[in-house]
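Good morning, colleagues. I would ask you to look at the sequence and the structure together while I guide you through a few selected places.

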Amino acid sequence: MKPGGKKLKIVLFTGYACNNNCAFCIDADKRDLPQKSTPQLLREAARAAAAGADILEIIGGEATIRPDFARVVGAAKRLGIPEVICATNGRIFSDKEAARRILASGIDSLVFSVHGPDPRVHDALTRAPGSFAQLRRGLRNLRELGFKSVNGNTTVVKRNMASLPRIAEFYIAHGVPNVEYIFVDPNYGGAKNDFDALVPRISRAAPYMRRALAAGRRAGFDQWKARYVPLCHFKDCLKQISETNERGLFLTEHWAPDFTNKDAIGSRAAVGRRKTARCRGCALYGDCEGIWTEYLARYGDAELKPVRRRPA
Ligand code: SF4
């Protein structure tokens, strides 16, 4: 049993190569780092199983573009890892044979990244023409193949925040039960390099994010969540905050080509995000991770509003 009865989640990065080129990508400056080899990934899957991983999340870049992707998933399943999942841009699944091959590997669930409700918004952010059409065809193929465990995530930036209610409609129409609306991370990569074009004020983005969560609740999806947000902007949906949820449920390790982090949740809270002097006395202080350090450096902390009493 792991400490606190939590599940051990190991995030296995295959490398940073990707067939999209998302403007905000945290890995934008890492594309040229070497990909892990197949033997290395198979060894790491075995190490994860030996460590008692309950969940193995395989990610890139875009892990599904590797010819060995299904092989690595299949190995992890045969090693007995209960849940093997993958965050993906979904494009590979537009090829029904590829989709069939990946499903045959035993993958348990997929997380599709949807950054717009249509090609105009999505493809402008992925900078990959046709990526939205492929993602949508991928969802259709998976449905036709009887695969139901598809979740979603959306990175929230200036260029798509006003589209979040329509993105929520897209998820509802596809019956996606778990969705994360992720406030963009400007500490590294594309959003740091192009901060002014991409990073919205939290006070502008939060109302759209809350509207998307509310649309999900109305449709019966109460597991949709917001990630990387200061809680004072989400007082009416504190049960739908990813970090609060994951702190209670998971121990998370990141195994990347260029770093290993044995406590990804703790170090994000300690280093990547900050609360400020304005937060003193806030009733949500203990639960809240504040906001990204780079955000504070650029926009300051005037939007942080201490909460007097914890909402019921
Ligand atoms: S005032 Fe600070 S501690 Fe309170 S919710 Fe906002 S960011 Fe978090």
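In which helix does Glu 294 lie? Glu 294 belongs to helix α12, which covers residues 293-299. Before I go further, please bear in mind that this is a predicted model. The relative accessibility of Glu 294 is 17%, and the residue therefore counts as buried, the limit being 20%. If we set aside neighbours within four places in sequence, Glu 294 is in contact with Pro 186, Asn 187, Lys 192 and Phe 195.

Let me turn to helix α4. This helix runs over residues 119-126, and within it Val 121, His 122, Asp 123, Leu 125 and Thr 126 are buried. Against what do the buried residues of α4 pack? Their partners are β4 (109-113), α5 (131-144) and α8 (195-198).

On the α4 side the contact is made by Pro 119, His 122, Asp 123 and Thr 126, and on the α5 side by Ser 131, Phe 132 and Leu 135. Sorted by class, this contact of α4 with α5 has three nonpolar, three polar and one charged residues. As background, an α-helix has 3.6 residues a turn, so residues three or four places apart point the same way.

What follows α4 in the chain? The helix is followed by Arg 127, whose phi is positive, near 55 degrees. Arg 127 lies in the loop between α4 and α5, and with a relative accessible area of 45% this residue is partly exposed. In general, most residues other than glycine have a negative phi, and most peptide bonds are trans.

Tyr 228 is another residue other than glycine with a positive phi, here near 65 degrees. Its place is the loop between β7 and α10. Is Tyr 228 buried or exposed? At 17% relative accessibility, Tyr 228 counts as buried.

On the subject of peptide bonds, I would draw your attention to Gly 60 and Gly 61. A cis peptide bond joins these two residues, with omega at about 15 degrees. Gly 61 is located in the loop between β2 (55-59) and α2 (69-78).

I now come to a second pair of helices. Helix α6 comprises residues 164-173 and helix α9 residues 202-218; their axes come within 8 Å and cross at roughly 25 degrees. Angles under 35 degrees count as roughly parallel, and α6 and α9 are therefore roughly parallel to each other. The crossing of α6 past α9 is right-handed. From α6, the residues Leu 164, Pro 165, Ala 168 and Ile 172 meet Tyr 208, Met 209, Arg 211, Ala 212, Ala 215 and Gly 216 of α9. By class, that contact has eight nonpolar, one polar and one charged residues.

Finally, the salt bridges. How many does the structure hold? There are 18 salt bridges, and I shall present some of them.

One joins the side chains of Arg 66 and Asp 68, at 2.8 Å from N to O. Arg 66 is buried, with a relative accessible area of 12%, and Asp 68 is buried as well, at 9%.

Another is formed by Asp 236 with Arg 210, whose closest N and O atoms are 3.6 Å apart. Asp 236 lies in the loop between β7 (225-227) and α10 (242-249), whereas Arg 210 is in helix α9, so the pair ties together parts that are 26 residues apart in sequence. Asp 236 counts as exposed, at 55% relative accessibility, while Arg 210 is partly exposed, at 26%.

A further salt bridge brings together the side chains of Arg 247 and Glu 289, at 3.0 Å from N to O. This pair links distant parts of the chain, with Arg 247 in helix α10 and Glu 289 in the loop between β10 (273-274) and β11 (291-292), 42 residues apart. Arg 247 is partly exposed, with a relative accessible area of 26%, whereas Glu 289 counts as buried, at 6%. Through salt bridges that share partners, Glu 243, Arg 247, Arg 273 and Glu 289 are joined into one network.

Thank you for your attention.

Conventions:
Residues numbered from 1 in each chain as written. Predicted model: local features only at pLDDT ≥ 70, side-chain atom pairs only at ≥ 80, totals over all residues. Heavy atoms only, no water. Axes fitted to C-alpha atoms, helices over the stretch in contact; angles between N-to-C directions. Helix = DSSP H or I, 4+ residues; strand = E, 2+ residues; numbered from the N terminus. Parallel < 35°, antiparallel > 145°, perpendicular 65-115°, else oblique. Left-handed = near helix turned anticlockwise from the far one by under 90°. Contact = heavy atoms within 4.5 Å. Nonpolar A, V, L, I, M, F, W, Y, C, P; charged D, E, K, R; others polar. Salt bridge = Lys/Arg side-chain N within 4 Å of Asp/Glu carboxyl O. Buried < 20%, exposed > 50% of the residue type's maximum accessible area, 1.4 Å probe, protein only.
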